[in-house]
Amino acid sequence: MDLTFVSAGAACPLCNGNSPCFNCSTAALAESQPAGRFSKRLFDLVFSGLAIAAGAVLFVAIAVLIRLLSPGPIIFRHERIGFQGARFDCLKFRTMKVGADKILEDHLAANPKARIEFETTRKLRNDPRIIPLIGHFLRKSSLDEIPQFVNVLRGDMSVVGPRPVTRKEVDLYGPRMSSYLSARPGITGLWQVSGRNRLTFAERCKLDESYVRDWSFNSDMRIILRTGRTVLSGEGAF
């Protein structure tokens, strides 16, 4: 494995050298090239370009509905951690109300069972933050993730890869973090086709590690095909 991720004296891209984090001890184990390298990147560019072109009318329709049903921006940007610890804005159609963080904080404070659910899965079955009428549909169908094809074109993400993580989730990966840092996060992946929101965060981490360790172009194709079936059936989504 290439040990060139953090050079001597370089600051960790996650904590900027200000306060040592778990990543400081694992970042050096990340591969210097993402899983799949050139062949995977070429596929990402072609697939994403075609997806954006084919779905342009649908994208506009979704944007109009969001604007009509909820005041605020159409696109939600949230910082995620990518290949070799690089930070990037992960794009989604906004499915939550403005002020979602405060809504979540208040909800978890008032509902101990919901807090346990969120701490275990990082998800809520009955999420008070969701925009009425359209929010649940976009999330269940995964249409809210369509803007991430732009992230793929930019090189932040891949069509298939580990689930993008937030800065707060980095330390939860434990020793598996080096595997996560060795690939670009994906729009879909093993997590998406293996139970989605029914899985615990620990199970998701194991799947991400398995994906990077056993990567092949054929496995990516199988995951893409399984993603179509999973989205149509709504399996594991809420």
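**Figure 1. Salt bridge between Arg-213 and Asp-214 in the predicted model.** Arg-213 and Asp-214 form a salt bridge in which the closest N and O atoms are 3.4 Å apart. The model shown here and in the other views is predicted. Arg-213 counts as exposed because its relative accessibility is 56%, and the cut-off for exposed is over 50%. Asp-214 has a relative accessible area of 45% and is therefore partly exposed.

**Figure 2. Salt bridge between Arg-115 and Glu-119 in helix 5.** The side chains of Arg-115 and Glu-119 meet in a salt bridge at 3.8 Å, N to O. The two residues are separated by about one helical turn because they lie four residues apart in helix 5 (residues 112-121). Arg-115 has a relative accessible area of 34%, so this residue is partly exposed.

**Figure 3. Salt bridge between Arg-129 and Asp-127.** The side chains of Arg-129 and Asp-127 meet in a salt bridge at 2.6 Å, N to O. Both residues are buried. Arg-129 is also one of the residues that lie nearest the centre of the largest pocket.

**Figure 4. The largest pocket and its lining.** The largest pocket holds about 1100 Å³ of space. Its lining is made up of 42 residues, and those nearest the centre are Phe-76, His-78, Arg-80, Met-96 and Arg-129. Two or more lining residues come from each of strand 1 (75-81), strand 2, helix 4 (100-110), helix 6 (135-141) and helix 9. By class, the lining has 20 charged, 15 nonpolar and seven polar residues.

**Figure 5. The second largest pocket and its lining.** About 430 Å³ of space lies in the second largest pocket. This pocket is lined by 19 residues, of which Ser-142, Phe-149, Ile-187, Thr-227 and Val-231 are the closest to its centre. Helix 2 (37-54), strand 4 (186-188) and helix 11 each give at least two residues to the lining. Helix 11 supplies the largest share, five residues. The lining of the second largest pocket divides into eleven nonpolar, seven polar and one charged residues.

**Figure 6. The largest nonpolar core.** The largest nonpolar core has 29 residues, and the members that touch the most others are Ile-62, Phe-93 and Ile-146. Two or more core residues come from each of helix 3 (56-69), strand 2 (87-93), helix 7 (148-154), strand 3 (158-160), helix 9 (190-193), helix 10 (201-213) and helix 11 (217-233). Helix 3 gives the most, with four residues. In soluble globular proteins, nonpolar side chains tend to be buried together.

Figure 7. When its neighbours within four places in sequence are left aside, Phe-93 is in contact with Phe-59, Ile-62, Ala-63, Ile-66, Ile-74, Ile-75, Leu-143, Asp-144, Ile-146 and Pro-147.

Conventions
Residues numbered from 1 in each chain as written. Predicted model: local features only at pLDDT ≥ 70, side-chain atom pairs only at ≥ 80, totals over all residues. Heavy atoms only, no water. Core = buried A, V, L, I, M, F, W, Y, C linked by side-chain atoms within 4.5 Å. Buried < 20%, exposed > 50% of the residue type's maximum accessible area, 1.4 Å probe, protein only. Contact = heavy atoms within 4.5 Å. 1 Å grid on protein atoms, 1.4 Å probe; cavity = no way out; pocket = protein on both sides within 12 Å on 5 of 7 lines; lining within 4 Å. Points joined across faces, edges and corners; volume = space filled by probe spheres on them. Nonpolar A, V, L, I, M, F, W, Y, C, P; charged D, E, K, R; others polar. Salt bridge = Lys/Arg side-chain N within 4 Å of Asp/Glu carboxyl O.
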